[in-house]
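Below are my notes on the model you sent, as numbered points. Please read them beside the structure.

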Amino acid sequence: MDIAALLTSAGINIALCVVLFTLYSVLRKQPSNRIVYFGRRLASVQLRSNNDDPFSLERFVPSTSWLIKAWEATEDEILAVGGLDGVVFQRILVFSIRIFSIAAVICMFLVLPVNYYGKERQHKRLGAESLDVFTIGNVQEGSVWLWAHCLALYTISCSTCALLYFEYKSITKMRLAHLKGSQTNSSHFTVLVRSIPFVPGESYSDTLKKFFTTYYPSNYLTHQMVHHSGVVQKLMDEAERMCKMLSAVSSDGGSLRPFCFCTSSTHQPESVDQPESVDGSIRYSDFEVAPPDNECPVAFVFFKTRFSAVVATQMLQSTNPMLWVTEQAPEPLDVLWSSLSIPYKQLWLRKIATLLAAIVFMFLFLVPVTFVQGLTQLDKLSKTFPFLRGLLKKNYINHVVTGYLPSVILMLFLYTVPPAMMLFSSIEAPVSRSGRKKSACLKVLYFTIWNVFFVNVLSGSVISQINVFSSVRDIPLELAKAIPTQASFFMTYVFTSGWTALACELMQLFTFVCNLIKKFILRNHEDAHDWLMSFPYYTEVPRVLLFVLIGFTCSIMAPLILPFLLIYFFMAYLIYRNQMLNVYIKKYDSGGLLWPVVHNTTVFSLVLTQIIALGVFGIKDSPVASGFTIPLVVCTLLFSEYCRQRFLPIFKKASAQVLIDMDREDENGDRFEEIYDRLRTAYCQIQLTSHELRPGRAGTRVTDATEDIPGSGGPKTGSFLRGVIQWARFMCPLRRAES
């Protein structure tokens, strides 16, 4: 690929981004699109839809006010609306901007000139110059200038380790603060018990109560059984009919508040025949909703203290490890009820089946990837399809086919990956929604790293790719030979799957089209909050980490990609902040559990870069550079092990010191009785009203709820001084990590 083909691809994607950004700045001002572009803020203040706002020309004038508001948003506001998971995702982008800013400066001014003038050759005009002359492949074998690449590698590696350490330290402190600040979190007192043994003549509830009153007599509080989903669905239908009946009472001036049906440890039903039960808070904490024969061998067991609940999860409850299996319960809104009725003994079979299915899917995906790589090699394409020779001789067609079409086709195929991996993760039957998304995130991450990076780098036929990986010792050399030649494809991939995909994310194309059909074709003008979604971490985190991998491996091999990656990360930083503030709602918060995945993937990318550089230095006959690279690999692995020992346990286990201190604070403040009352109705298998749409946490700006929503008024511009302070906070990680 030459510079002209690269500029053609860049021009097409820039034009698409400008069009989509302009459309977004206009469409977001239309009252009919409130639910699409301001769903979270509408839900947080419980505004009613009003599409009869007076006509105004300002609504049809593009503006950049949303960029200013996204930039000026503080980390506390992101924490309030997106939780610690949202802050961690923003930290990934901030880390990427910092490290690739350093890499871009040193590689563009030191490595790129060395690559360009690496061999004595007659250079063409810039537009017709091949991209290969900007890669390390253009450096002469045995050149003394390879010390520049080694120096750049050391600078990038040391900067990456330093920034990773400070980010890991800061996020660990935030996770501990998140744990200490969630005094009323019911999951701290709750243990999920699975595989309860069947005892003839007893219900599962009686068996569980007898077990825990025998072995945990001073710590056991009560429990709540889980029922089969078929029974639950029938109860849901009955509950909906009851809710419609009670809504008439609410419209006459009564108070109808959110409530739910929960099953306690007793089996004595309490009849509710007094009309005044509707007045005030309706609670059915002691109402049995299903007969004992519909119980699943699964229950939520509530303990009197946080420490006793954690102790119960860390120990085997029986001599048979397949019985009385305990684990820390997820948050109430995080529970995936459909997975709890699946027998525990099936889980390992399901995991093996999904693993095999994911591997088969991965190898089937080699077909479109190989086809995409064939488009980047015109000589092979002309030989395979002779009738295309005349068409491919045209410069514009040549530039579009080699510079734009391959990355677009690959991106379209990749859209099928996240739904497939989410399906596989659902079959594994995780107990929480966050666990399912984390499992899907890991699958998508492994899939994209393998297919987008390794398979594209080692391009060719499927058989040749398998032969390459049959010899493990040849992998570094093969990667060292292939990456400089595939750098042009990764540049175009950044344009399409990076820039244009971000613009599509901002536009919310699918939701916008559905809203358009609903309101202008079906004539339904109600804004349904059922459309609101949580942030798709399982798709966006792997995408960002893939670009981090590409950036590291191409930094010294083909540094021309770094400015394009920096533009992507800056765009992602602003667009994802805007989406968190306005579009996505927070249904639950895992407490930043994705950061260890980010840390490990970044270290893997860095070590892979060093190993590839070691292979390149060997090919280029530079023993000095190779000798200096080996200690760098060892030091990076030692750094990773130190972080694993120092920070990772906090993300896997709760600290006894923190939990005991929280228990003592509640005991001294006489808050245990209030907590116990809340526990009885916390885990509700049937909920008649949504607990997902709640007002924002304390600390959020009051004006932020209705600001810039069409027809709601509010300030339109921000403060310049605040923007300067935000920039200083953005570029200084040391002070924030130490605070």
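1. Arg-671 is partly exposed, because its relative accessible area is 32%; here buried means under 20% relative accessible area, exposed over 50%, and partly exposed in between, computed with a 1.4 Å probe on protein chains only. Arg-671 sits in the loop between α27 (656–668) and α28 (672–679). Helices are DSSP runs of H or I with at least four residues, strands are runs of E with at least two, and both are numbered from the N terminus. Once neighbours within four places in sequence are set aside, Arg-671 is in contact with Glu-665 and Asp-666, contact meaning heavy atoms within 4.5 Å. Thr-184 is 487 residues away from Arg-671 along the chain, yet the two C-alpha atoms are separated by 9.6 Å.

2. A word on the basis of these values. This is a predicted model, in which local features need pLDDT of at least 70 and side-chain atom pairs count only at pLDDT 80 or more, while totals for chains, interfaces and linings use all residues. Residues are numbered from 1 along each chain as its sequence is written, and side-chain values use heavy atoms, with hydrogens and water left out.

3. Next, the salt bridges. Side chains of opposite charge can pair when their charged atoms come close. The rule used is a side-chain nitrogen of Lys or Arg within 4 Å of a carboxyl oxygen of Asp or Glu, and by this rule the count comes to eleven salt bridges. Glu-75, Arg-91, Arg-98 and Glu-167 are linked in a network of such bridges.

4. Which residue forms a salt bridge with Glu-428? The partner is Lys-443, and the closest N and O atoms are 2.9 Å apart. Glu-428 lies in the loop between α17 (417–427) and α18, and Lys-443 in helix α18, so this pair ties together parts that are 15 residues apart in sequence. Glu-428 counts as buried, at 16% relative accessibility, and Lys-443 also counts as buried, at 16%.

5. Two other salt bridges involve partly exposed residues. Lys-210 pairs with Glu-202, with the closest N and O atoms 2.5 Å apart; Lys-210 is partly exposed at 45% relative accessibility, and Glu-202 is partly exposed at 25%. Arg-644 pairs with Glu-641, with the closest N and O atoms 2.7 Å apart. These two residues are separated by about one helical turn, because they are three residues apart in helix α25 (residues 623–646). Arg-644 is partly exposed at 42%, as is Glu-641 at 34%.

6. On helix packing, α18 (residues 433–457) and α22 (residues 537–555) pack at an angle of about 35°, with their axes 8 Å apart. Axes are lines fitted to C-alpha atoms, for helices over the stretch in contact, and angles run from 0 to 180 degrees between N-to-C directions. The crossing is right-handed, that is, the near helix is turned clockwise from the far one by less than a right angle. Residues that meet include Lys-437, Leu-445 and Phe-453 in α18, and Tyr-537, Leu-546 and Thr-553 in α22.

7. Finally, the cysteines. A disulfide is a pair of cysteine sulfur atoms within 2.5 Å, and by this rule the count comes to zero. Cys-635 is in no disulfide, and its nearest cysteine sulfur, that of Cys-158, is 8.3 Å away. Cys-554 counts as buried, at 0% relative accessibility.
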